[in-house]
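Trainee: I would like to learn how to read pockets and cores in a model. Can we work through one together?

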Amino acid sequence: MPTPSALPTPAELNRTLPFAAGARPWRLVRYACVDWLGILLCWAAIRFVPNPLVYVAAVLLIAGRLQAFGVILHDACHIPARRMTLPLALVDALAGWTIGSSIAAMRYHHLRHHRAVGTAEDPYLHRLAARGGWVRRAMMLRGALLPVWWPLRALMAPLALAWPAFRPWYARGFMQDRSRQDLRRHPEVVACARADLPHCAGYLLAIAAVVHWDLPFFTYYGLPWIVGGIMNARRVLLEHDHVEIGERSPDSIWRMTRTMTFGWIGKLVLYPRNIGYHQVHHAYPALALEHLPAVHRYLTDGNAFAPPRPDVAGIAR
């Protein structure tokens, strides 16, 4: 394992590994389409192969793809875009709305996590989780509420826009804001609520369609969404040490985060789209998801920290 304090800067990393760049919007659209294809195939298996084992396997695979949508959205929120371009709008709809989130909402809480990691204002810091054992396992079950809680944010967006006094609750309750700011006129909170308006309309139409045509929503989407929510909560609780740190150096942040892969099960279900490479992600937040394994190998095999060979040093001189 490398000495985290000696991590190369993003510029140094890019000179050594030129391919290690940020996310590309159209590539994220492609990833979302591939994951949707996987979900459609699982639905076909449920429909045409009425077997309990097939159903359980399909639920787990769909849950993994729903988690993958969150990873795709996560990469999109690290793209420094000033406006909603066509590919980002497609990512928002294909990967965000389908799990009750959006690029704006993800950006609100996730970028604050990076800025305040290991402090009282870190949205992902859960002090109870530091106790471990049954307490942490019980907290993982809270993820079962995400299929209700995240869509509720979008449905509450019109109220947040119309009633400024509701905006602090909207930001703290749905987007995990832990600051002590006055959020009633906060421009980012207002922007998130506005971005949620199309999402809100889409949800109302989807609810109407499910009710009108009596669609088997729970069997095909609801239960996998609940399972995926629990998996998501589990990952967030395991990938960090939930204690406040006094020194926010690369060394301390590396030590308080975890890398989790778990083989092919991780790729398909538990940690899809390389989300388990969390230490590398915190070291280089803008690095695209497809490059995380290669950069992790580069950092952990010692090459990034080996002294230059005499012949290379001579050439450099």
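Mentor: Start with the largest pocket. Its lining has 37 residues, and those nearest its centre are Leu146, Trp150, Gln176, Asn232 and Val236. Keep in mind that this is a predicted model.

Trainee: Which element gives the most to the lining of the largest pocket?

Mentor: That is α11, with eight residues. The lining of the largest pocket divides into 17 nonpolar, 15 polar and five charged residues.

Trainee: How do I read the second largest pocket?

Mentor: The space in the second largest pocket is about 620 Å³. Its lining has 22 residues, with Tyr203, Ala206, Val210, Phe217 and Trp225 nearest the centre. At least two lining residues come from each of α7, α10 and α11. Here α10 gives the most, with seven.

Trainee: Now the nonpolar cores. Which residues touch the most other members of the largest one?

Mentor: In the largest nonpolar core, which has 38 residues, they are Leu28, Leu66, Phe69, Ile72 and Val91. The elements that supply at least two residues each are α2 (25–48), α3 (52–77), α4 (86–96), α5 (103–116), α11 and α13. The most come from α3, which gives ten residues.

Trainee: What does Phe69 touch?

Mentor: Leave out residues up to four places away in sequence. Phe69 then touches Ala32, Asp35, Trp36, Ile39, Leu94, Ala95, Thr98 and Ile99. There is also a second, separate core of 14 residues, with Ala105, Tyr108, Ala157 and Ala171 among them.

Trainee: Is Asp214 buried or exposed?

Mentor: Exposed, because its relative accessibility is 66% and the cut-off for exposed is over 50%. Asn274, also not a glycine, has a positive phi of about 65°. The loop that holds Asn274 lies between α13 (263–270) and α14 (278–283).

Note on methods:
Residues numbered from 1 in each chain as written. Predicted model: local features only at pLDDT ≥ 70, side-chain atom pairs only at ≥ 80, totals over all residues. Heavy atoms only, no water. Buried < 20%, exposed > 50% of the residue type's maximum accessible area, 1.4 Å probe, protein only. Helix = DSSP H or I, 4+ residues; strand = E, 2+ residues; numbered from the N terminus. Core = buried A, V, L, I, M, F, W, Y, C linked by side-chain atoms within 4.5 Å. Contact = heavy atoms within 4.5 Å. 1 Å grid on protein atoms, 1.4 Å probe; cavity = no way out; pocket = protein on both sides within 12 Å on 5 of 7 lines; lining within 4 Å. Nonpolar A, V, L, I, M, F, W, Y, C, P; charged D, E, K, R; others polar. Points joined across faces, edges and corners; volume = space filled by probe spheres on them.
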